[in-house]
Amino acid sequence: MDDSIAEKLRACCAPALSDDRGEDADQAHLDHAEYLFDENEDADAYAELNAVLSSATFLSEPWLRAIEIVEDHKPALALGMYLLAMETITPEGLRSPVHAAGYLHLAAARRRLKWELDIPLSDADLLIGIDSAEGMAKSWRLLDLVAESQVADEQPRFWDRGALAALTQSRPRGTFPEQPDAYYLEIEAVLRARGGGRIVANRMSLADWKRLQGLTDDARHLEDLQTIVSGHDGGARVEWPPKRNEPCWCGSGVKYKKCCGWPPG
Ligand SMILES: [Zn+2]
């Protein structure tokens, strides 16, 4: 074959070939790195990861995977790499779906690591990626905390009927009470169990839920949510128990004695 044609073929095909080989090699390096970490061979594991980080480009699958592995062992190093990668993204680049998705990933990771490392969040941290999986996870957790707080807190809380319907719809099945009457009977049982004298509970509306959601960004750790939620003085104060012939506290519009107050405690 003519040398110049061979040269041209090499020039056009070599990059593609090396990309193919690169991907397989990257995957092998990544698998081996995880194995080495399990064996406590950290130095060798980092050598494997460095091979990937130097061959792959920012935001590529292998690069993101490598940094995620680094993150488990050296969060500060991973944060530095995320920041470096974010610097390379241009406004034009953000218009491509690949870069936009990658950028959200980086922003969520940057925020997560800042929480972990106790570094204050900036406005940019809070503005980017509010719809990220991480944000959703925090919202669900917050909702769990508020739902649990009916039993755990000094101040009992319960959702009003409007909020209950909206929250039930927005959650995966089985994660929030779907039968309002059963939910309120459960609260009634909690209130009765606390017994003795007049009890005041907080009736939480959808507006209260939205206010609580605004707190998620203030909470750097999920445990902070617990503290914020238990200290949160939201909702309307409701006295319990009502008189037997008064409307039930649960908002059904039925007299207490014929609703949650039956059978009498
Ligand atoms: Zn009732």
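Q: Where does E188 lie, and is E188 buried or exposed?
A: This is a predicted model, and in it E188 sits in helix α10, which spans residues 180–194. Buried means under 20% relative accessible area. E188 has 2%, so E188 is buried.

Q: Which residues does E188 touch, leaving aside residues up to four places away in sequence?
A: A contact is counted when heavy atoms come within 4.5 Å. With those sequence neighbours set aside, E188 touches W240, W249, Y256, C260 and G261.

Q: Which side chain meets E188 in a salt bridge?
A: The partner is R192, at 2.8 Å from N to O. Both residues belong to helix α10 and are four residues apart, about one turn of the helix.

Q: How many salt bridges does a search of the whole structure find?
A: The search finds five. One of them joins the side chains of R65 and E34, with 3.8 Å from N to O. This pair links distant parts of the chain, since R65 is in helix α3 and E34 is in helix α1, 31 residues apart. Exposed begins over 50% and buried ends under 20%, with partly exposed in between. R65 at 25% is therefore partly exposed, and E34 at 34% is likewise partly exposed.

Q: What does the salt bridge between R198 and E239 tie together?
A: The side chains of R198 and E239 meet at 3.6 Å, N to O. R198 is in the loop between α10 and β2 (199–204), while E239 is in strand β3 (residues 236–240), so the bridge ties together parts that lie 41 residues apart in sequence. R198 is exposed, with 62% relative accessibility. E239 is partly exposed, with 45%.

Q: Which charged residues gather in a patch on the surface?
A: A patch takes residues with over 30% relative accessible area and no salt bridge. Here E23, D24, E61, E68, D72 and E116 form a patch of negative charge. The elements that give two or more residues to this patch are α1 (3–38) and α3 (61–73). Helix α3 gives the most, with three residues. E61 is placed in helix α3, and E61 counts as exposed because its relative accessibility is 61%.

Q: Is Y46 buried or exposed, and what does Y46 touch?
A: Y46 is in helix α2, residues 42–55. Its relative accessible area is 15%, so Y46 is buried. Apart from residues up to four places away in sequence, Y46 touches F37, H73 and K74.

Q: Which peptide bonds are cis here?
A: Most peptide bonds are trans, and most residues other than glycine have a negative phi. A cis bond joins W240 and P241, with omega about -5 degrees. Another cis bond runs from W262 to P263, with omega near -5 degrees. P241 lies in the segment after β3, and P263 lies in the segment after β3 too.

Q: Where are N40 and D118, and what is phi in each?
A: N40 has a phi near 60 degrees, a positive value in a residue other than glycine. N40 is in the loop between α1 and α2, and N40 is exposed at 63% relative accessible area. D118 has a phi near 65 degrees, also a positive value in a residue other than glycine. D118 is in the loop between α6 (97–117) and α7 (123–127), and D118 is partly exposed at 49%.

Q: How many helices and strands does the protein have, and what share of its residues is buried?
A: The protein has 12 helices and three strands. Of its 265 residues, 37% count as buried. The protein exposes about 15400 Å², and carbon and sulfur atoms supply 55% of that area. Among contacts with a separation of 6 or more, 59% are between residues 24 or more positions apart.

Key. Residues numbered from 1 in each chain as written. Predicted model: local features only at pLDDT ≥ 70, side-chain atom pairs only at ≥ 80, totals over all residues. Heavy atoms only, no water. Patch = residues over 30% accessible without salt bridge, like charges linked within 9 Å, V, L, I, M, F, W, Y side chains within 5 Å. Areas by Shrake-Rupley, 256 points an atom, 1.4 Å probe, with all protein chains shown as cover. Salt bridge = Lys/Arg side-chain N within 4 Å of Asp/Glu carboxyl O. Lys, Arg positive; Asp, Glu negative; His and termini not counted. Charge placed at Lys NZ, Arg CZ, Asp CG, Glu CD. Buried < 20%, exposed > 50% of the residue type's maximum accessible area, 1.4 Å probe, protein only.
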